Amino acid sequence: WREAIHFLYWAAISRLESQRLWPADRARTPREYLALVAPEDPRKAGLATLTGSFERVWYGGRAAAESDYHKAEQLATALISGSGAPVIGIGRGGAQ
């Protein structure tokens with residue numbers, strides 16, 4: 001599930017890029033992408049949650065469960081649709 005969350009995160013970033021939320025730049029870090037979103041943008045909270053989850057699983061080495069992936073998928077779908085996303089915890093209740 002770790003790889004799936006990694007793929008989902010970068011797919012969401014790519015889709016937001018294609019929607020012209022920010023200019024293309026493959027050298028950016030997840031935190032740099034987050035910083036590019038205006039504070040009043042309804043996607044900010046969802047992207048912050050997805051970014052934190054991705055970082056815990058990918059860089060922090062935390063195990064990820066199927067439920068973590070499904071939560072990340074919900075966030076990514078809401079972000080891509082432009083509706084924002086519910087702030088839900090990921091990576092805390094899953095496999096450790």
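## Packing of H1 and H3

In this predicted model, helix H1 passes helix H3 in a left-handed crossing. The two pack at an angle of about 145 degrees, and their axes are 10 Å apart.

On the H1 side, the residues in contact are Arg2, Glu3, Ile5, His6, Tyr9, Trp10, Ala12 and Ile13. They meet Leu47, Leu50, Thr51, Phe54, Val57 and Trp58 of H3. Sorted by class, this contact holds ten nonpolar, two polar and two charged residues.

## Packing of H3 and H4

Helix H3 spans residues 44-58 and helix H4 spans residues 66-81. Their axes come within 10 Å and cross at roughly 145 degrees. The crossing of H3 and H4 is left-handed.

From H3, the contact takes in Gly46, Leu47, Thr49 and Leu50. Their counterparts in H4 are Ala72, Leu75, Ala76 and Leu79.

## Nonpolar core

The largest nonpolar core has 20 residues. Those that touch the most other members are Ile5, Tyr9, Ile13, Trp22, Leu47 and Leu50. At least two residues of this core come from each of H1 (2-18), H2 (30-35), H3 and H4. The most is given by H1, with six residues. In soluble globular proteins, nonpolar side chains tend to be buried together.

Leaving aside residues up to four places away in sequence, Ile5 touches Phe54, Val57, Ala64, Asp68, Tyr69 and Ala72.

## Chain as a whole

The chain contains four helices and zero strands. In sequence order the pattern is α-α-α-α. Among contacts in the chain with a separation of 6 or more, 59% are between residues 24 or more positions apart.

The chain has 96 residues, of which 41% count as buried. Its accessible surface comes to about 5,100 Å². Carbon and sulfur atoms account for 55% of that surface.

Methods. Residues numbered from 1 in each chain as written. Predicted model: local features only at pLDDT ≥ 70, side-chain atom pairs only at ≥ 80, totals over all residues. Heavy atoms only, no water. Axes fitted to C-alpha atoms, helices over the stretch in contact; angles between N-to-C directions. Left-handed = near helix turned anticlockwise from the far one by under 90°. Contact = heavy atoms within 4.5 Å. Core = buried A, V, L, I, M, F, W, Y, C linked by side-chain atoms within 4.5 Å. Buried < 20%, exposed > 50% of the residue type's maximum accessible area, 1.4 Å probe, protein only. Nonpolar A, V, L, I, M, F, W, Y, C, P; charged D, E, K, R; others polar. Areas by Shrake-Rupley, 256 points an atom, 1.4 Å probe, with all protein chains shown as cover.
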